[in-house]
There are 2 protein chains.
Amino acid sequence: MKVHGRHYRTIWPDPEHPEIIKIIDQRHLPHEFIIEDLRTVADYAAAISEMHVRGAGLIGATAGFAMYCAALSAPENNFDSFVDDASRKILQTRPTAKNLAWAVERQVQAINNESNPAAKIKKSFEVACEIADEDANFCRKIGEHGLNIIKKISKKKNGEPVNILTHCNAGWLAFVDYGSATAPIYAAHNNNIKVHVWVDETRPWLQGAKLTCWELGQEGVEHTLIADNTGGHLMQHGMVDLVITGTDRTTSTGDVANKIGTYLKALAAKDNSVPFYVALPSSTFDWQIRDGVKEIPIEQRSADEINYITGLTQNNNQETICISPPETRAANYAFDVTPARLITGLITERGIMRADREAVLELYPEHR
Amino acid sequence: MKVHGRHYRTIWPDPEHPEIIKIIDQRHLPHEFIIEDLRTVADYAAAISEMHVRGAGLIGATAGFAMYCAALSAPENNFDSFVDDASRKILQTRPTAKNLAWAVERQVQAINNESNPAAKIKKSFEVACEIADEDANFCRKIGEHGLNIIKKISKKKNGEPVNILTHCNAGWLAFVDYGSATAPIYAAHNNNIKVHVWVDETRPWLQGAKLTCWELGQEGVEHTLIADNTGGHLMQHGMVDLVITGTDRTTSTGDVANKIGTYLKALAAKDNSVPFYVALPSSTFDWQIRDGVKEIPIEQRSADEINYITGLTQNNNQETICISPPETRAANYAFDVTPARLITGLITERGIMRADREAVLELYPEHR
């Protein structure tokens, strides 16, 4: 997608030094566009856990390149155990995101299938690039499938703008390109279908205010920022035609772990008969578990993310301010689980399906 | 209630110059405790519309004193039309809050019943003090009634802390004293019943983070600050025993207009069978309307309250920062309406009742 009119992905090998992987350090957006070089396994672990990168697909792609970095950095005489250690380090950075484990496992298998360090390094680079390309490709297809939903609503509204509410950032910044929840929106925009996006600001980290508004703005998509509290009121008054969110882990039964607060919007959508779709590449499925609310581990992050907020002062400096009485105890659950019963449908690279096991396995029969 | 151990109300006449009314300028809390003098009708209008004071009861009490100020400032030869103009100015400051209109109407009647300016001024001061005293007294009674709900849950939990979630600030800062939603909590705390409060930070204005945390802290009540997105997750996992909120306008059919986001918490409470109570002095009832969602006007405030946040820097200065791309369009609906079907009960100064017309009129037969 575009930044100041130029095409970017969210992660890419340096063209001249492909052992150096480049990312957009998203902590500084929307106020500064900073590109960071990742060179060591520790760089990758920090980038994921401290949210230089975030979002289902991008966490997966970054983990893929992290494993390449691990192979590249491993001493020949201790190769396997170094890579093994690194994989555990990477796995521990974020507990809820399924793509992370999925990418690490895919790399571990690929590396183990090769017989010598040089071949392992070469293979792990290829697989990392494959994961990234596949993520972009899957998101593009999600856009094509989701476009049909928006088209239908647009037709019903005689071409009046389709009002789409989204939570957090499941945009191209959360993947390698296109995004999941935003892919149908960008596809509609590019097909000259009028859309308008209600952007939940998404406390505590403000991914909506900082990232989704920024990327929609760069692409020229109409949008309005709202506090997370607002969606229910808008739906009560017919001001939302469709909700699309992403997901960080999805059960084959259709439960969805996504950014904290998603569940509340799903309840409001249900209460007001607004269609609620979740967009995901299949790498986000956890095929092992059945009950999302009981089984998906929910990451707890630092209380500082609640008590402190960073933004731009009038003097154009980024400043961090405290919004509560000093030393207020805060709890910071990063995700919640939306039960399948509240979800109208899942949009994946293979198509649109009901959020239940039968429908999911019909499109993914290899997981029966 | 207490500030640094000393008793305060939120609004009071200066003991030596009772024509000057004092308020706590809540915009500076929790970082600075600033008392402001109100001397002109314009002072009152700014204090209400710019939220130096806010909250159902305190808006009413401030409007009461504003009408005293209007009478006091009126020229003898143009008394009635001056007071009339002032009442319209005050009424326009906040459209959703019922207590505002209620207090202004009460004052207009009282003033009209007196025959000469001196008597009108004297009467309007008495009525303003009555409104304030009544508000404090009603909140105290709400505390007594609500205490029974908390007592029952505490007993069921064998004295383990009762986890109460609240949204916005319906604390003593929102009234003259005690608060509405917090009154039962303070009553429980003072009766040595263990309580723990989940405080929704309440974007955009952050009344929860800034005001509720501060006043609970001053009173020594255990609490944990959370992002507004979090309540659903907590309820799914049995971490909330009870929700209590306030209301800015209540229909006799039991619909409740309260701070934006209240409706989402009510949906989550319903979905997880968590009791959801709304506490209010009867001055908050709008006896004229029946359908809250359709008939209660919802205030829209400045987009700046979404795009900008004020807090304390590391250097102990209050600083305002921008959290979104500059010039992002934002929508700022200040309230939403929670339909009666989601509400377990209303707690008023007269007792606890179901949120329906029959039950409300049983306790308020004079409005039949």
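## A histidine at the chain boundary

The side chain of B:His223 reaches the backbone oxygen of B:Cys213 at 3.5 Å. This distance, like every value in this report, comes from a predicted model. B:His223 belongs to strand E8 (residues 223–226) of chain B. With a relative accessible area of 13%, B:His223 is buried, because a residue counts as buried when that value is under 20%.

Leaving aside residues up to four places away in sequence, B:His223 touches residues of chain B that include B:His196, B:Val197, B:Val199, B:Leu216 and B:Gly217. B:His223 also touches A:Thr328 and A:Arg329, which belong to chain A.

## Where the two chains meet

Chain A and chain B each give 65 residues to the contact. Between them the chains bury about 5,000 Å², and 59% of that area lies on carbon and sulfur atoms. Three residues, A:Asn229, A:Leu264 and A:Arg329, supply 15% of the area that chain A buries against chain B, more than any other three residues.

There are six salt bridges between chain A and chain B. In one of these, the side chain of A:Arg329 meets that of B:Glu222, with N and O 3.1 Å apart. Helix H9 (residues 262–271) of chain A gives six residues to the side of chain A that touches chain B, the largest share. By class, that side has 32 nonpolar, 22 polar and 11 charged residues.

## Salt bridges across the structure

Side chains of opposite charge can pair when their charged atoms come close. Over all chains, the count is 46 salt bridges. One of them joins the side chains of A:Arg140 and A:Glu144, at 2.9 Å from N to O. Both residues are in helix H5 (residues 117–156) of chain A; they are four residues apart, so about one helical turn separates them. A:Arg140 is partly exposed, with a relative accessible area of 33%, and A:Glu144 is partly exposed at 44%.

A second pair within chain A is A:Glu299 and A:Arg301, whose side chains meet in a salt bridge at 2.9 Å from N to O. Here both residues are buried. In chain B, B:Lys157 forms a salt bridge with B:Asp241, and their closest N and O atoms are 2.7 Å apart. B:Lys157 lies in the loop between helix H5 (117–156) and strand E6 (162–166), and B:Asp241 in the loop between helix H8 (231–236) and strand E9 (242–245), so this pair ties together parts of chain B that are 84 residues apart in sequence. B:Lys157 is partly exposed at 25% relative accessible area, whereas B:Asp241 is buried at 16%. Elsewhere, salt bridges that share partners join A:Asp14, A:Lys22, A:Asp37 and A:Arg39 into one network.

## Cysteines without disulfides

How many disulfides does the structure hold over all chains? The count is zero. For A:Cys213, the closest cysteine sulfur is in B:Cys322, 10 Å away, which is too far for a bond, because a disulfide needs two cysteine sulfur atoms within 2.5 Å. A:Cys213 is buried, at 2% relative accessibility.

B:Cys139 is in no disulfide either, and the nearest cysteine sulfur, in B:Cys168, is 14 Å away. The relative accessible area of B:Cys139 is 0%, so B:Cys139 is buried.

Note on methods:
Residues are numbered from 1 along each chain as its sequence is written. Chains are lettered from A and ligands numbered from 1 in the order in which they are written. This is a predicted model: local features need pLDDT of at least 70, side-chain atom pairs count only at pLDDT 80 or more; totals for chains, interfaces and linings use all residues. Side-chain values use heavy atoms; hydrogens and water are left out. Contact means heavy atoms within 4.5 Å. Buried area is the accessible area (1.4 Å probe) that two parts lose on being put together, summed over both. A salt bridge is a side-chain nitrogen of Lys or Arg within 4 Å of a carboxyl oxygen of Asp or Glu. Helices (H or I, at least four residues) and strands (E, at least two) are DSSP runs, numbered from the N terminus. Ala, Val, Leu, Ile, Met, Phe, Trp, Tyr, Cys and Pro count as nonpolar, Asp, Glu, Lys and Arg as charged, and the others, Gly among them, as polar. Buried means under 20% relative accessible area, exposed over 50%, partly exposed in between (1.4 Å probe, protein chains only). A polar contact is a pair of N or O atoms within 3.5 Å; within protein, one must be able to donate a hydrogen and the other to accept it, and residues adjacent in sequence count only if both atoms are side-chain atoms.
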